[in-house]
Amino acid sequence: MTTTNLLEFDLDGLAAFCERLGEKRFRATQLFRWIHQRGASDFDAMSDLAKSLREKLKGCAHVRALPVVSEHVSSDGTVKWLFDVGDGNAVESVFIPEDDRGTLCISSQAGCAVGCRFCSTGHQGFSRNLTTGEIIAQLWFAEHSLRKRLRADERVISNVVMMGMGEPLQNYSALVPALKAMLDDHGYGLSRRRVTVSTSGVVPMIDRLGNDCPVALAVSLHAPNDPLRDNLVPLNRKYPLAELLEACNRYLEHAPRDFITFEYCMLDGVNDQPEHAEELIRLVKPGGRVGVRCKFNLIPFNPFPASGLLRSPQNRVLAFAKVLGDAGIVTTVRKTRGDDIDAACGQLAGDVKDRTRAAERMAKQRTIPIKPEA
Ligand code: SAH
Ligand code: SF4
């Protein structure tokens, strides 16, 4: 008999499931807390649930994370997991510890259909959408395995960013319940400001997210004009810059932060000239072509051979940041983390197809054996 993985549900979904078993909503709340706050997967361990309910659950449900293919820990503390999602596909999650926060970067799809030129996921093509349970399983597994390892009682993961593999807004119906489980006080209790959806610009879904579940929004801009963006982010041909930026403004009416983060991947000789920065300013500044309250996050490109592209030199990145900053636009340059384990943006699951790894990389990393979940 097939049983249901309870990681597939937000609290409302679990309440509906429990109702079908003849159980009241507060039972669903207890169950949800056991699963997400305590990391429990064994119904027998859920001691305050009635024995009759535990027996019912054993017959029709389970709580199961994705099989872990590998786990790598970088010399800077970044942890990367590769999860098996079947049919030869794998997705990745990355935990990035910092002094004041712990950020988990998770995937929404196996592959991606958008096909951005500078992204190795895009070059792989699209395999399939992840289910809600497969999205939330990445957080469930990471939170509870890190907590055990670090022996910390407090939350290890303070922020979640949907910046792994896939375009989250092209998997909307699975994404929203996963976000709700992250935000739920009985789940992970993350504030809306600490959960970020990153999108290449699926305009109608930006509007829907604003209504259904407004979390922090990052938009992958990468170019200051349509011809260049058409080339780098093919989705721009469907939703050009002016439409995208108007959608950002509508989103700001609901957003938990009063700005949109624009991500901008710095590509040598392609989009990294001072003229590009000037054009961005004319685009987004108040009174510009489409003014948007925003911050810029410049991402050093992580090169991979099939892209035919190169990383902008650091001095050009800094000069670009200065042009934006001098115009009053808050601009940060992303630190690259986990370089020695290929955990940086756009490198995710790059080794699924190409399993060869440089020997010196292996020497720098520590592999931790995976213990089965309790
Ligand atoms: N599909 C969504 C979220 C996943 S990609 C999006 O595009 O926003 C997360 C971020 O990584 C995006 O800003 C993307 O542009 C960036 N990225 C992709 N490939 C990269 C690479 N090779 N080097 C640096 N950043 C990259
Ligand atoms: Fe997809 Fe984002 Fe990669 Fe573009 S950058 S191909 S949207 S994952």
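## Terms for the strands

Helices (H or I, at least four residues) and strands (E, at least two) are DSSP runs, numbered from the N terminus. A residue counts as near a molecule if one of its heavy atoms lies within 4 Å of it.

The model you see is predicted, so local features need pLDDT of at least 70, side-chain atom pairs count only at pLDDT 80 or more, and totals for chains, interfaces and linings use all residues. Residues are numbered from 1 along each chain as its sequence is written, chains are lettered from A and ligands numbered from 1 in the order in which they are written, and side-chain values use heavy atoms, leaving out hydrogens and water.

## Around ligand 1

Let's start with ligand 1. Three strands, β10 (195–199), β12 (260–266) and β13 (294–300), each give at least two residues to its shell. Of the 20 residues around ligand 1, the nearest are F118, S198, S220, H222 and N302. Sorted by class, the shell has nine nonpolar, nine polar and two charged residues; here Ala, Val, Leu, Ile, Met, Phe, Trp, Tyr, Cys and Pro count as nonpolar, Asp, Glu, Lys and Arg as charged, and the others, Gly among them, as polar.

Now for some distances. A polar side-chain atom of S198 lies 2.7 Å from an oxygen atom of ligand 1, and a polar side-chain atom of H222 also lies 2.7 Å from an oxygen atom of this ligand. For N302, a backbone N or O atom lies 2.9 Å from a nitrogen atom of ligand 1.

## Around ligand 2

Which residues are around ligand 2? They are C112, V114, G115, C116, C119, G122, G166, E167 and S200. By class, this shell has four nonpolar, four polar and one charged residues.

## Salt bridges

Side chains of opposite charge can pair when their charged atoms come close. The structure holds 15 salt bridges (a side-chain nitrogen of Lys or Arg within 4 Å of a carboxyl oxygen of Asp or Glu). In one of them, K56 meets E23 at 2.9 Å, N to O. This pair links distant parts of the chain, 33 residues apart: K56 is in helix α3 (residues 51–60), while E23 is in the loop between α1 (11–20) and α2 (25–36).

Conventions. A polar contact is a pair of N or O atoms within 3.5 Å; within protein, one must be able to donate a hydrogen and the other to accept it, and residues adjacent in sequence count only if both atoms are side-chain atoms.
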